[in-house]
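Please consult the sequence and the structure shown here while reading.

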Amino acid sequence: MAAAAAGLFSAAAAVISAEVGVPAGIAQDASQSVAQRAEVGVPAGIAQDAPQSVAQSTKPRQSQGDGRGLFKYSRWGGFQNADPNQLASRVTKEPPDPEGCQGADDGDLVGINYVAAYEVPAMKGATVDTDIEASIDLLEDEDTKAAVARWNVFDSSERRRGRTPLQIPLGDNNVDLGLEMALHGLCRGERRVIYFPASMSSKSTKRAYDVPGDANLRYDVEVTNVITFQRPRAKQGMPPEPRRVVGRLLN
């Protein structure tokens, strides 16, 4: 039987609410103790632990950010005052070398195929069947019954560039803030679904595509390349970024 939970985003209690902690069993930064993680509650059917096979070998490290409130971007300092509860990601395809691949970082040229959508206003606050939500793949087919029932696709790399991936100089603040943040740590060949609120998208995105100001956004992304291009001064001489997830890792 499909698992169901109240409002995937709308009540901000399922995925991106600051009141809901990080799921137990996901790789954490060393600064968060096991005892602290044990106190965190997880809503049924939403932010579940990664599958056992992923948890044992290919689970990406999870980054908690360094502070609270909305993300504040600095070219040299990266994303500061970050509230990771604003972001959630689901891995839909592992990279070829999940344990040894280079994760995207500031200064890298990241190529992505993507489909962007916002939550249909009529569905805001509606109960979400999480199994159905997890089965939606906008990169493969954005017109399935399940997809159009909840998501309104407004942009994609195919619409913009045909078969050519969009190339993003990561760290230059050229895309929506939520997408910019969530792309950190992805590896070549990996696919993820990224969720974030419209408050983390740009004014130009909302204006150009009539995205409601209180909407929740979904980006299905596939990384085609991660090429080190021009690293920020603060990270020059440091080893490549490992694979990781910024924000919540969903099952």
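## Salt bridges

In this predicted model, Arg160 forms a salt bridge with Asp155, and their closest N and O atoms are 3.1 Å apart. Asp155 counts as buried because its relative accessibility is 6%, below the 20% limit for that class. The whole structure contains twelve salt bridges.

Another of these pairs is Arg150 with Glu119, where the closest N and O atoms lie 2.4 Å apart. Arg150 belongs to helix α4 and Glu119 to strand β6, so this pair ties together parts that are 31 residues apart in sequence. Both partners are buried: Arg150 has a relative accessible area of 6%, and Glu119 has one of 3%.

## A charged network

Glu190 forms a salt bridge with Arg243, with 2.8 Å between the closest N and O atoms. Glu190 lies in the loop between α6 and β10, whereas Arg243 lies in the loop between β11 and β12, 53 residues apart. Glu190 is buried at 0% relative accessible area, and Arg243 is buried at 5%. Through shared partners, salt bridges join Glu94, Glu190, Arg192 and Arg243 into one network.

## Nonpolar cores

The largest nonpolar core has 30 residues, and Ile112, Leu179 and Leu217 are among those with the most contacts inside it. Strands β6, β9, β10 and β11, together with helix α6, each give two or more residues to this core. Apart from it lies another core of eleven residues, including Ala88, Ala117, Val153 and Leu250.

Definitions and conventions. Residues numbered from 1 in each chain as written. Predicted model: local features only at pLDDT ≥ 70, side-chain atom pairs only at ≥ 80, totals over all residues. Heavy atoms only, no water. Core = buried A, V, L, I, M, F, W, Y, C linked by side-chain atoms within 4.5 Å. Buried < 20%, exposed > 50% of the residue type's maximum accessible area, 1.4 Å probe, protein only. Helix = DSSP H or I, 4+ residues; strand = E, 2+ residues; numbered from the N terminus. Salt bridge = Lys/Arg side-chain N within 4 Å of Asp/Glu carboxyl O.
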